[in-house]
Amino acid sequence: MNYKYKLVAAAVAVVTLAGCSDGAERRRQANQDFNYLNTQPLESWTLPSDAQSGQVSDYDIPAGEYQGAIGSGVDIRPPQQVLALIPGARALRDDDGVTLVMVKQEDLTEVWSVTRKLIAEQNIALRSQSADVLETDWISWNNEDEDTEIGSRYRIEKSANGGRYSYRIMLVDWREGGVEQTVSVENKERYSILMTNLVTSRYDEQERELARLRAQELIKQIPISMGQDRSGLPVIIARAPYNVFWERLPEVLGQLGFTVEGRNRSQGVVEVQFKSPDDEFWADLGTQPIELENRAYNLQLGDLGNRTSINITDTDGKPVTEQALNSLAPVMAAAIERANQG
């Protein structure tokens, strides 16, 4: 598998901060260069014989041998964060990898299934596999903020013990430029989290698609009738939640001569242009034509809990007549029924 980091970043953009310049070298240096490595060694201060010391010890650097990276070995990239994309799951990190603790057995089963799908889709070879453990072969990462191609291998486990449903990803081997090396704590953390986020992002993508399909099924059985809003004014009532009806409304409108030109979900506004179909269309649908002129309108949707209200105004904000709304309600109902039969 040969990922490019700029593609992966789309899935983890919320935690990959863009505060550093492009290029591996510039992302690993302070203040544009490494001139600080040429700093002269500190010398002991020699106090003149006739002077009195006024030093304080507040800022003394403790004596000792300190181990740590310098120069290009210093990694100034922001740390990765595990994306919270699985409802109720807790992410635990340690020196070896990342553990996701889930609320339900069903969640663990689904994440494990998503993992196997991702491995298959990306042609990731496996060195070993069992019902609860997968060990990958080398995965290559061509990241723009690395000096060379990175390779990593993972051990992925799931367990369900005593009501604790755990999913764990551990980075077990590391190489740079094709040469195996001892993995640093920082890289083990970064690439364990990156792999975890690929799985959770794939899980989230799958759940969104399932939600979309469920919404399509729900919208198939939506009664449409006339009613009143909270002010007692006439409106069309769709017996479906706002978020469900919102997703399918453009499809329904498109069957009836409306062209959607703009939508604002938070305000519940759909901007449309109406051009009435010919008489043959209305005869085929089995309804009377909609009593609207061929012009632009705004549809105003209202969230009524398990129902959605629909009102229509012209572009000046003036509501259409109750007679016009009465003509649209049966047409929408007929269009939805015809879609169900198709």
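Before I start, a working definition: a residue is buried under 20% relative accessible area, exposed over 50%, and partly exposed in between (1.4 Å probe, protein chains only).

I am looking at a predicted model, where local features need pLDDT of at least 70, side-chain atom pairs count only at pLDDT 80 or more, and totals for chains, interfaces and linings use all residues. Residues are numbered from 1 along each chain as its sequence is written, and side-chain values use heavy atoms, with hydrogens and water left out.

**Entry 1: aromatic rings**

I began with W174 and found that W174 is buried, as is Y191. Rings of Phe, Tyr and Trp (its six-membered ring) pair if their centres lie within 6.5 Å; planes under 30 degrees apart are stacked, over 60 edge-to-face, and the rest tilted. With this rule I get 6 aromatic pairs. One of them joins W141 and Y191, edge-to-face, at 5.7 Å centre to centre with 65° between the planes. W141 lies in strand β6 (residues 139-142) and Y191 in helix α3 (residues 185-219), 50 residues apart, so I looked up how such elements are set: helices (H or I, at least four residues) and strands (E, at least two) are DSSP runs, numbered from the N terminus.

Why is the pair of W174 and Y191 edge-to-face? The ring centres are 5.1 Å apart and the planes stand at 65°, so the pair gets that label. Here W174 comes from strand β8 (residues 164-176), 17 residues from Y191. Ring pairs therefore join W141, W174 and Y191 into a cluster.

**Entry 2: the sheet**

Next I traced an open sheet of 6 strands, in the order β10-β11-β15-β14-β13-β12, with antiparallel pairing. Two strands pair if DSSP finds at least two bridges between them. β10 (224-228) and β12 (258-264) are the edges with a single partner strand each, so one side of each has no neighbour in the sheet. I counted 5 bridges between β10 and β11, and I saw G227 opposite V235 in β11.

**Entry 3: the core**

A nonpolar core is a set of buried Ala, Val, Leu, Ile, Met, Phe, Trp, Tyr and Cys residues joined through side-chain atoms within 4.5 Å. Which members of the largest one touch the most others? I found F245 and L256, among 36 residues. Helix α6 gives the most to this core, with 9 residues. Leaving out residues up to four places away in sequence, L256 touches several residues, including F274, W282 and V331, where contact means heavy atoms within 4.5 Å.
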